Amino acid sequence: MGDTTVTTLEGREPAVPHPVTARTRPGPLRRLRTPRRPRLWFEILLIAVSYWTYSLVRNAVPEQKAEALRNADWLWELEHHLGIAVEESINHTVNSVTWLIVGMNYYYATLHFIVTLAVLVWLYRSHPGRYAATRLVLFATTGVALVGYYLYPLAPPRLMTNGGFIDTVLVHDTWGSMASGDLKNMSNQYAAMPSMHIGWSVWSGLTIFALARVPWVRVLGLLYPTATLVVIVATANHFWLDAVGGLLCLAFGYTVARLWYGALPHALPRQPRTNPHPHTAGRGRAGEDPPAAAGVSAEHAPHEPIRPTEDGHPPAQARPTTHA
């Protein structure tokens, strides 16, 4: 038997096989920046450790009482100059309605944790491709807030010497605040700037508004940070400008996620893109067929569509030529 070759049609270039190593596997940095399906055990551990670390660092910031009170007086004066110093009026008005202010005290003490965790669980279950990016926003926001607590100690309005504010938790003997009563020694009293109640609630609200499909749920997403703003002011735990600080931290968080993933979280695919053959080299982009491997015979390579000649007959087919 002789060697068998294939005679190509005239005017048609022979197919040149792509080497298997034409495309290499993405590097470790690119793999880290590619959204993937989250792992439950890792996320539970990460969130628990992160919240514990946040509380530990926040409370470890030195309580610079004198400086914090000076900063509070300066901020209160600034708000008067800006014409937005209405926190005291809101505080006294809401405090006159016992059931309302007690409800706000419980709101302030619990919902920032419950709602934030619920949104994370919802993302994990329904939007796994967007989970990591949205979580990064939350973590970056919280991380930069810790820097703010250290660099700018600030007393909340209820602790101001001459502010005239009412500490609603203390007055109504409401359970649940780490900032008043017997629990005050467990929390940094002078870490009011920025307000993470606002940072986390706006993060939750924007996430729900951007990704939820039911209209009334999206509306609730927008109402949640609005209600939180009223609560932090009515309970005299924050100034208006503390809320602005929380928004600036959140903007930083979104910027970090945008730079890392190349898109805002809601613009990423709902489901993470997976490679069915992650250990196979030479793969193209998602959705493409792999290039032909070296050594594959021309008979098995894809052919162009056969077009008839001008007289209507099919063109001559390539015939194998045998050499003796």
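Me: Angles here run from 0 to 180 degrees between N-to-C directions of the axes. In this predicted model, how do helix α5 and helix α6 lie to each other, roughly parallel or roughly antiparallel?

Reply: Helix α5 covers residues 98-126 and helix α6 covers residues 128-151. They pack with their axes 7 Å apart, at an angle of about 150°. Angles over 145 degrees count as roughly antiparallel. The two helices α5 and α6 are therefore roughly antiparallel.

Me: Which residues of α6 meet α5?

Reply: On the α5 side, the contact is made by T116, L120, L123, Y124, R125 and S126. The residues of this contact divide into six nonpolar, three polar and two charged. Their partners in α6 are P128, Y131, T134, R135 and L138.

Me: Is R158 buried or exposed?

Reply: R158 sits in the loop between α6 and α7. Its side chain is joined to that of D167 by a polar contact of 3.4 Å. Buried means under 20% relative accessible area. The relative accessibility of R158 is 9%, so R158 counts as buried.

Me: Which residue is joined to P194 by a cis peptide bond?

Reply: P194 has its place in the loop between α7 and α8. Omega of the cis bond is about 0°. The residue joined to P194 by this bond is M193.

Me: What is the relative accessible area of A236?

Reply: A236 is found in the loop between α9 and α10. Its phi is near 60°, a positive value in a residue other than glycine. A236 is buried, and its relative accessible area is 0%.

How values were computed
Residues numbered from 1 in each chain as written. Predicted model: local features only at pLDDT ≥ 70, side-chain atom pairs only at ≥ 80, totals over all residues. Heavy atoms only, no water. Helix = DSSP H or I, 4+ residues; strand = E, 2+ residues; numbered from the N terminus. Parallel < 35°, antiparallel > 145°, perpendicular 65-115°, else oblique. Contact = heavy atoms within 4.5 Å. Nonpolar A, V, L, I, M, F, W, Y, C, P; charged D, E, K, R; others polar. Buried < 20%, exposed > 50% of the residue type's maximum accessible area, 1.4 Å probe, protein only. Polar contact = N/O pair within 3.5 Å; in protein donor to acceptor, adjacent residues only side chain to side chain.
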